[in-house]
Structure formats: structure tokens, C-alpha cells
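Visitor: Please take me through this model, going from the whole chain down to single residues.
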Amino acid sequence: MGDKGPEIIITRDLEELSQKAAEFIAGFITDLEKTKERIAIALSGGTTPKRLYERLAIGPFHKDIPWNQVHLFWGDERFVPPGHPDSNYRMVYEALISKVPIPSENVHRMPGEMAYPQAAADEYEENLHRFFGSSPEGWPRFDLVILGVGSDGHTASLFPGSEALKERRRWVAAPYVEKLNAYRLTLTLPVFNSADQVIFLVNGKEKARIVKELLAGYNTKTIFPVQMIKPRHGKPIFFLDRPSASLIYYNTGNGSMNRFRKFIG
Ligand code: 6PG
């Protein structure tokens, strides 16, 4: 992919993907431990990252990560109360927050329980302004953003064709997602692109086609919301399991994974 495209890390399966991502995140946080009092991380929802969050709650990560310096935010949220089965906050609470000594004031969930989606977006944006203050770039600068990839190329709650993709002023949007017949809360593209580091977690063979389409045109085409995530401060890293990478890599049988050049722009 050359030095323009994202970094790609292929793992055997979801377990190894979760372990490798946990190692990366723990290392990323401990590298900042001495220089940053508050380390701001925006979390992905969905199902893929659950195992990652569970791993961060145990073993060396539970002990090594300075939880009192970590501040958790959400990249997006379903417009539901925090106890709802669909809530991304609830998923992270059960997998991680309830198991580590992170101070409650360090957990900044999106208020999906509010009466109106736009009011919830406004409230979260005020919360972000309070935390990040006014930055020279005019955007909050997350240290780390964790994102997933939908089979349609959406990420966070930025779906193909969404008006929220055009947002260049607001930090948080409240799009109505036709295909889900539901409102969502989501950080906007300029916020994601102001992050110091973005990582994508993708697993499962049902993602193989979108992975190929995304990575083949990462630098040439901008069709999917995932391709609009181009952080100014560093290239994104894609953690892929082999099934999701099966159309861009093949296994030569000697254990090495080679790359189909024709699929990679
Ligand atoms: C959400 C996520 C969403 C997710 C993708 C991939 O709220 O559902 O933010 O963007 O990351 O849909 O989901 P999976 O990882 O579960 O396939």
C-alpha cells in the first residue's frame, strides 16, 4: 500500500485480533502515561470490539493501564437509554467499565435517553467542549479512536449518503438512519480526522467484499464513509481477521500471507 495507505494487520481470527488490538491500545496508553494526564479514547460500538474490551479488563492490561488517566468517549451511540440491549454504552459497561478501576467521571457516554436526538447531540457536544476546551484547530483532538466497518462501508453512525457526512461545523450529529429506521448519535468526520490515531477492527467473512473495495480504492476513490476517515495526524491501522481479509490476501501455504497487488491501489 506504500506509505500513503493505511497500515494493515492480519490476524488468524477474532480472538487474535482482539489480543493484538488490546496489546496495541495498552502500549499506546502507557506510552502517553508519563506525558498526558488525560488520555481521550473514542470507542466503537457494535459486536466486533466486545472481545477487545473484555480483554482489556483482564490479565496484564487490567493492571498495566493507568485507568485513572483514561477518559472514555463513544464514537457513536444508538438513540436508546443506557440500559437498553442495543446501547453501545451498555455493551462497553458490561465488557470493560464494570471490571476496571476507571473513575466514573472519566466515562463520558452519549445521552441516548434524552427526549430529542438533536438535543442529545448538542448536550454531548457541550460535554466535549468542556473536556477539550478550544483547540487551535477548532476540533477536539482524541488520542485514540476505535472504529468498526459495516458491510455497506459505514463507520460509527456515518452511513453512505447521510447528510451527517457533509457536517463540517458540528462535532456531534444526530442522523436519522433510513435503513435502520432509527436515530443515531455520532461524532462527525472532522472530529474523527483530528484524532492522533484511528484504528479499525474488522472481522468475519461477510466483511471480505467491503474490505477489498475499501482498501483497493483507499487512496483513489472516496465512495464509502470509511474511506473519508483520513486522520491528519497519522495513518489509520486496520486490524483484520483472515476471513475478512480473504479477498485481499492469500495464504501461499508456507504460512506467509501475500498480498494481491491488483486489489491494493
Ligand atoms: C454501531 C457501530 C457501528 C459498527 C459497525 C460494524 O453502533 O453499531 O458503531 O459503526 O462499528 O456497524 O459493526 P460490527 O463490528 O458489529 O460488525
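**Surface, fold and single residues**

Visitor: What share of the accessible surface belongs to carbon and sulfur atoms?
Guide: The model is a predicted one, in which local features need pLDDT of at least 70 and side-chain atom pairs count only at pLDDT 80 or more, while totals for chains, interfaces and linings use all residues. Residues are numbered from 1 along each chain as its sequence is written, and side-chain values use heavy atoms, with hydrogens and water left out. Accessible areas come from the Shrake-Rupley method with a 1.4 Å probe, and for residues only the protein chains shown count as cover. The protein's accessible surface is about 11800 Å², and the share of carbon and sulfur atoms is 51%.

Visitor: What average pLDDT does the protein have?
Guide: pLDDT is the predictor's confidence in each residue, from 0 to 100. Of the residues, 91% score at least 70, and the protein's average is 92.

Visitor: How many contacts beyond near neighbours in sequence does the stretch 260-265 have in the model?
Guide: The pLDDT is below 50 over residues 260-265. Contact means heavy atoms within 4.5 Å. Beyond near neighbours in sequence, the number of contacts for this stretch in the model is 17.

Visitor: What radius of gyration does the protein have?
Guide: The radius is taken over C-alpha atoms, and the globule rule is 2.2 Å times the number of residues to the power 0.38. The C-alpha trace spans about 55 × 45 × 40 Å along its principal axes. For 265 residues a compact globule would have a radius of gyration near 18 Å, so the protein agrees with its own value of 18 Å.

Visitor: How many helices and strands does the secondary structure come to?
Guide: Helices (H or I, at least four residues) and strands (E, at least two) are DSSP runs, numbered from the N terminus. The protein's secondary structure comes to eight helices and twelve strands.

Visitor: What percentage of the contacts between residues at least 6 apart in sequence join residues at least 24 apart?
Guide: Buried residues (under 20% relative accessible area; exposed is over 50% and partly exposed in between, with a 1.4 Å probe and protein chains only) make up 54% of the 265 residues. Among contacts between residues at least 6 apart, the part that joins residues at least 24 apart is 75%.

Visitor: How far apart are the centres of the positive and negative side chains?
Guide: Lys and Arg count as positive and Asp and Glu as negative, with His and the chain ends not counted. The place of a charge is NZ of Lys, CZ of Arg, CG of Asp or CD of Glu. There are 34 positive and 31 negative side chains, and their centres are separated by 7 Å.

Visitor: What is the C-alpha separation of Phe-73 and Ala-40?
Guide: Phe-73 sits in strand β3, residues 70-74, and counts as buried because its relative accessible area is 0%. Residues it touches beyond four places in sequence include Ala-40, Tyr-124, Leu-128 and Phe-142. Phe-73 and Ala-40 are 33 residues apart along the chain, and their C-alpha atoms are separated by 7.2 Å.

Visitor: Is Val-172 buried or exposed?
Guide: Val-172 belongs to strand β6, residues 172-173. Its contacts beyond four places in sequence include Met-110, Tyr-124, Leu-128 and Thr-186. Since its relative accessible area is 2%, Val-172 is buried.

Visitor: Is Asn-181 buried or exposed?
Guide: Asn-181 lies in the loop between β7 (176-177) and β8 (182-187). Its phi is positive, about 50°, although Asn-181 is not a glycine. Because its relative accessibility is 58%, Asn-181 is exposed.

Visitor: Is Ala-156 buried or exposed?
Guide: Ala-156 is in the loop between β5 (144-148) and β6. Phi of Ala-156 is near 50°, a positive value in a residue other than glycine. With 12% relative accessibility, Ala-156 therefore counts as buried.

Visitor: In which helix is Phe-192?
Guide: Phe-192 counts as buried because its relative accessibility is 0%. Its contacts, leaving out residues up to four places away in sequence, include Ala-156, Leu-158, Val-198 and Pro-231. Phe-192 falls within residues 189-192, which form helix α6.
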